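Q: Could you walk me through this structure? I am new to it and would like to begin with a helix.

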Amino acid sequence: MKLATIRNGARDGKLVVVSRDLTRATEAFNIALTLQKALDDWDRLAPKLADLAVGLEHGSVPSFRFHEHECESPLPRAYQWADGSAYVNHVELVRKARGAEMPESFWSDPLMYQGGSDSFLRPRDPIRMADEAWGIDMEAEVAVVTGDVPAGIAAPDALSKIRLVMLVNDVSLRGLIPAELAKGFGFFQSKPSSAFSPVAVTPDELGDAWSGGKLRLPLCVDLNGKPFGRADAGEDMTFDFGRLIAHAATTRPLAAGSIIGSGTVSNKDGDGGPGRPVSEGGRGYSCIAELRMIESIRGGKPATPFLRFGDRVRIEMLDRKGHSIFGAIEQVVEKIALAPRSGEREGPIT
């Protein structure tokens, strides 16, 4: 079953069921007005939505043309957005680039931060920023949406709490991260709003590509129309989604509609070393920072700039027949002017 949220003027949009080929949709208002409403009563409503999905495939229910650019993120806002770092290869490269040893605990205890979830970008919204010096970067990831999760749940049991799977662009401002983390209180300004794929799908829709709490398909990342990343989301994933959910629920329950991210998808090269660019026959990268880390390791300094105004990012995943599963996140970086704060003069202080 594939679900999406269409813009309708309301803050949380309206829930629709989408055909497997992403060409048609049917309204679900007689079952649940919004995706959050469906998640709140999933055990009762999911079978009804599944029946509607069958009717859509058979052409036995009213339908309309599905357009990805009309979508909100599946949850336009969420009770919780917690992003892990399941690909320890990525973390190891970050530390190696700055000459730091990685603690052994990173291989057994997931990293996770709590992001802002009060408003997400639409999958085709621009990434609007005021300054390229902030180090604008994409982070292509897989994410899951949970049902209610009790505190202290075991990782194997947590897998049964996954309701939906989707993709995410976890936008990061690399130039702001070091000073913010140095305060010892975590990310905030350096992690602006994220964007999620137009469509979220139930795990059974993924067939054998969903196994052991991992989505075992390449994640396609294009930058300005050229392949940038083709990392396999199922490989080199140290912590599966069951483990990530259990980590998030160690001391508190998670409410239905909580989103848990995988962190930047990252693969080692075939020889076990750092990944190579797609243009060199490698699987590439899911964020610019990882490429810059490898450039620093190999050449002493990074060569690739972070995103600039006018750059276009596209994130998508195809099934084994080459069909889009979730639709595409496609965003252009745009410049905005920030209004001066009260009592502050406009422009930089010199």
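Q: Which residues of helix 6 are buried?
A: They are Phe241, Gly242, Leu244, Ile245, Ala246 and Ala248. Buried means under 20% relative accessible area, exposed over 50%, and partly exposed in between, with a 1.4 Å probe and protein chains only. Helix 6 covers residues 241-248 and is mostly covered, with six of its eight residues buried. Helices (H or I, at least four residues) and strands (E, at least two) are DSSP runs, numbered from the N terminus.

Q: Before we go on, where do these values come from?
A: This is a predicted model, in which local features need pLDDT of at least 70, side-chain atom pairs count only at pLDDT 80 or more, and totals for chains, interfaces and linings use all residues. Residues are numbered from 1 along each chain as its sequence is written, and side-chain values use heavy atoms, with hydrogens and water left out.

Q: What does aspartate 240 reach at the start of helix 6?
A: A side-chain oxygen of aspartate 240 comes to within 2.8 Å of the backbone nitrogen of glycine 242.

Q: Switching to charges: how many salt bridges are there?
A: The count comes to 19. A salt bridge is a side-chain nitrogen of Lys or Arg within 4 Å of a carboxyl oxygen of Asp or Glu.

Q: Which residue does aspartate 12 pair with?
A: Aspartate 12 forms a salt bridge with arginine 77, and their closest N and O atoms are 2.8 Å apart. Aspartate 12 is in the loop between strand 1 (2-6) and strand 2 (14-18), while arginine 77 is in the loop between strand 4 (64-65) and strand 5 (80-84), so the pair ties together parts 65 residues apart in sequence.

Q: Are those two buried, exposed or partly exposed, and what are the values?
A: Aspartate 12 is partly exposed at a relative accessible area of 25%, and arginine 77 is partly exposed at 36%.

Q: What about lysine 191 and aspartate 170?
A: Their side chains meet in a salt bridge at 3.0 Å, N to O. Lysine 191 sits in the loop between helix 5 (177-182) and strand 12 (195-196), and aspartate 170 in the loop between strand 10 (162-169) and strand 11 (172-173), 21 residues apart. Lysine 191 is buried, with a relative accessible area of 12%, and aspartate 170 is buried at 0%.

Q: And arginine 320, what is its partner?
A: Arginine 320 forms a salt bridge with aspartate 208, with the closest N and O atoms 2.6 Å apart. Arginine 320 is exposed at 57% relative accessibility, and aspartate 208 is exposed at 60%.

Q: Which residues are joined into one network?
A: Salt bridges that share partners join Asp137, Glu139, Asp170, Arg174 and Lys191.

Q: Where is glutamate 141, and how far is the nearest opposite charge?
A: Glutamate 141 lies in strand 9 (residues 140-146). Glutamate 141 is buried yet has no salt bridge, and the nearest side chain of opposite charge, lysine 191, is 5.8 Å away. Lys and Arg count as positive and Asp and Glu as negative, while His and the chain ends are not counted.

Q: What does its side chain reach, then?
A: The side chain of glutamate 141 reaches the backbone nitrogen of glycine 263 at 3.2 Å.

Note on methods: Polar contact = N/O pair within 3.5 Å; in protein donor to acceptor, adjacent residues only side chain to side chain.
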